Amino acid sequence: MSGYVILVLVVGLVRFLVSLRRSGETSRVVLRQRPAADDPRWGPPRDEDQIVGTGCARCDEVFVIAAEARRCKKCGIFVHKKTCFAEHKMAEHHTTTAPYR
Ligand SMILES: [Zn+2]
Ligand SMILES: [Zn+2]
């Protein structure tokens, strides 16, 4: 009976040590991993960042934040989302936008 208890303890200890070693290996692998060279975080700024500093195609005022701008799907230009987009669509594409509520 006592031999069985020792066996269980030894098996448990071995399993414990193996799991320790495995977790150690995986954490070392994670530490070694860095973002790849083509990771977007290293690349050029996203489109949103490039909008800031460019001018509205309708009123020529510069966008201060990217959220102000809206891209026209038909001609690909950026105009002010709230004030200029509807005017642009009316003037350039002869369509109206639904009221923004
Ligand atoms: Zn504008
Ligand atoms: Zn357009």
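Mentor: Helices (H or I, at least four residues) and strands (E, at least two) are DSSP runs, numbered from the N terminus. This is a predicted model: local features need pLDDT of at least 70, side-chain atom pairs count only at pLDDT 80 or more, and totals for chains, interfaces and linings use all residues. Residues are numbered from 1 along each chain as its sequence is written, while chains are lettered from A and ligands numbered from 1 in the order in which they are written.

The protein has three helices and two strands. Along the sequence they run α-α-β-β-α.

Now burial. A residue is buried if 20 or more other C-beta atoms lie within 10 Å of its own, exposed if 12 or fewer, and partly exposed in between; C-beta atoms are placed from the backbone. Of the 101 residues in the protein, 8% are buried.

Next, the core. A nonpolar core is a set of buried Ala, Val, Leu, Ile, Met, Phe, Trp, Tyr and Cys residues joined through C-beta atoms within 7 Å. The largest one has seven residues: C56, A69, F78, V79, C84, F85 and A86.

Take C84. Two residues are in contact if their C-beta atoms, placed from the backbone, lie within 7 Å. Setting aside neighbours within four places in sequence, C84 contacts C56, R58, C59 and V79.

Helix α3 also holds E92. E92 counts as partly exposed because it has 15 C-beta neighbours inside 10 Å. K74 lies 18 residues from E92 in sequence, and their C-alpha atoms are 9.6 Å apart.
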